[in-house]
Structure formats: C-alpha cells, structure tokens
Amino acid sequence: MKHLAACLKRAQNGLAFAEVGEMLPGRDKNHVLAQSAPPPTVGVNRKAPEAKMRKQIGLGLGASLPRAVMTYVSSACQRMDADLNVLCTNASAASALLAPYREELERAAITCITMELDGNNEHSLMRYFNSNSRVIFVVSSGADDPIQLLIGSGNSRHTFGTAPVPIVVVASEQSMKP
C-alpha cells in the first residue's frame with residue numbers, strides 16, 4: 001500500500017510540474033519530481049505567460065471613414081485595451097481607407113483586423129457576432145456601412161434590440177452645427 005501511495009504521489013507531482021519537464025534537462029527534472037517542493041525558478045528559462053485574448057471593438061466601414069469616427073475608435077481601443085475589427089464588404093477599399101491611420105494604430109499597439117462580410121446583409125453580421133464573442137460594441141462610420149442594417153429607423157423592419165452588442169454612432173462635426 002505504501003508503494004502505491006508513493007507512486008500516486010509521484011504521478012501527482014508529475015502532473016503539477018509538467019511544464020518544468022520541457023524546460024529542464026532530465027536529471028534536473030528527476031530531482032524536482034523527487035522533491036515535494038515547488039519547482040525552482042532560478043535558472044529556469046520560463047516562457048512568458050501567453051497573452052490573453054483581447055477584447056475587440058467592431059467598426060462598420062462603408063465608402064468613407066470620417067476622422068471623427070477614427071479618433072473615437074482609436075481612443076476607445078486604447079481606453080478599453082481592445083483590438084479593432086473592421087467590418088466591410090470590400091477589403092481592398094477598407095484597406096485604402098485605413099491606410100492614413102495605420103501608423104497611429106501601430107503606435108497605440110492596436111491590432112487591426114479587416115473582416116470582409118459575405119454580403120451587405122443582416123445574416124452575415126449575425127454570423128460574425130455569433131462566431132466572435134469578444135466584441136464589446138460596434139461603431140457605425142456612416143450611412144453605407146454594414147452596421148446600419150442593425151440600426152432601427154422609422155421605415156425599417158428592424159426593432160430595437162436586434163443587435164447583439166451595443167452600437168455607437170459617431171456624429172460628424174457638420175451634423176453638430178446648428
């Protein structure tokens with residue numbers, strides 16, 4: 001019975017110190033497993049903990065990208081420690097619109113991913129939201145972006161609450177003038 005208890009204890013220590021085995025030579029690994037103390041940290045080349053999956057902010061992109069929208073999105077990504085997902089129907093046009101802001105995004109350490117939707121319809125947007133649970137909200141950049149499909153209006157068949165995440169509409173400077 002004592003032999004079985006010793007074998008089980010060795011197996012549990014092996015599981016507890018499994019990552020040490022990949023970083024230490026065999027002799028050191030055996031020495032660590034023979035002890036019941038935690039693994040040594042001095043001289044061990046440990047990998048940095050893997051970065052957790054960051055939150056994401058979606059940006060609906062149509063034919064234009066106003067500066068006010070990009071300023072809001074980049075500051076929101078910095079404040080919330082989030083990456084940027086650009087939702088569009090034409091990836092090459094989106095890349096051209098984002099080109100003037102790439103350097104700003106890189107300086108702020110914001111990863112920008114362009115997601116080309118299958119079509120400009122609600123089903124492709126819902127498919128995106130269902131497959132990407134890290135999106136905390138989306139920003140609409142104008143009247144022709146894909147996010148506008150989820151915003152209810154007086155003559156629309158959509159009702160409030162259709163969007164699975166909050167939608168932010170950034171007003172342009174011209175629309176704020178009296």
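**View 1. Gln-56 and its partners.** Gln-56 has Asp-83 as its bridge partner in strand 2. In strand 4, the bridge partner of Gln-56 is Val-135. Helices and strands here are DSSP runs numbered from the N terminus, with H or I over at least four residues for helices and E over at least two for strands. This is a predicted model, in which local features need pLDDT of at least 70 and side-chain atom pairs count only at pLDDT 80 or more, while totals for chains, interfaces and linings use all residues. Residues are numbered from 1 along each chain as its sequence is written, and side-chain values use heavy atoms, with hydrogens and water left out.

View 2. Follow the order 3-2-1-4-5 and you will meet the five strands of an open sheet with parallel pairing. Its edges are strand 3 (112-116) and strand 5 (167-169), each pairing on one side only. On average, and with direction ignored, neighbouring strands are turned by 25 degrees against each other; such angles run from 0 to 180 degrees between N-to-C directions, with axes fitted as lines to C-alpha atoms, for helices over the stretch in contact. Two strands count as paired if DSSP finds at least two bridges between them. Strand 1 (residues 55-60) and strand 4 (residues 135-140) share five bridges, and strand 1 and strand 2 share six.

View 3. Helix 5 (residues 91-98) lies across strand 2 (82-88) and strand 3, running at about 150 degrees to strand 3.

**View 4. The nonpolar cores.** A nonpolar core is a set of buried Ala, Val, Leu, Ile, Met, Phe, Trp, Tyr and Cys residues joined through side-chain atoms within 4.5 Å. Buried means under 20% relative accessible area, exposed over 50%, and partly exposed in between (1.4 Å probe, protein chains only). The largest core has 22 residues, and those with the most contacts inside it are Leu-59, Leu-65, Met-70, Leu-84 and Val-86. Helix 4 gives the largest share, five residues. Leaving aside neighbours within four places in sequence, Leu-84 is in contact with residues including Ile-57, Leu-59, Met-70 and Val-73, where contact means heavy atoms within 4.5 Å. Strand 1 is mostly covered, with five of its six residues buried.

**View 5. Arg-54 and Asp-81.** A salt bridge is a side-chain nitrogen of Lys or Arg within 4 Å of a carboxyl oxygen of Asp or Glu, and the structure holds five of them. Here Arg-54 and Asp-81 meet at 3.1 Å, N to O. This pair links distant parts of the chain, 27 residues apart: Arg-54 is in the loop between helix 3 (26-34) and strand 1, and Asp-81 is in the loop between helix 4 and strand 2. Asp-83 is linked with both in a network of salt bridges. Arg-54 is partly exposed at 24% relative accessibility, and Asp-81 is partly exposed at 43%.

**View 6. Two further charged pairs.** The side chains of Glu-103 and Arg-107 meet in a salt bridge of 3.1 Å, N to O. About one helical turn separates Glu-103 and Arg-107, because they are four residues apart in helix 6 (residues 102-107). Both Glu-103 and Arg-107 are exposed. Asp-118 forms a salt bridge with Arg-127, the closest N and O atoms being 2.8 Å apart.
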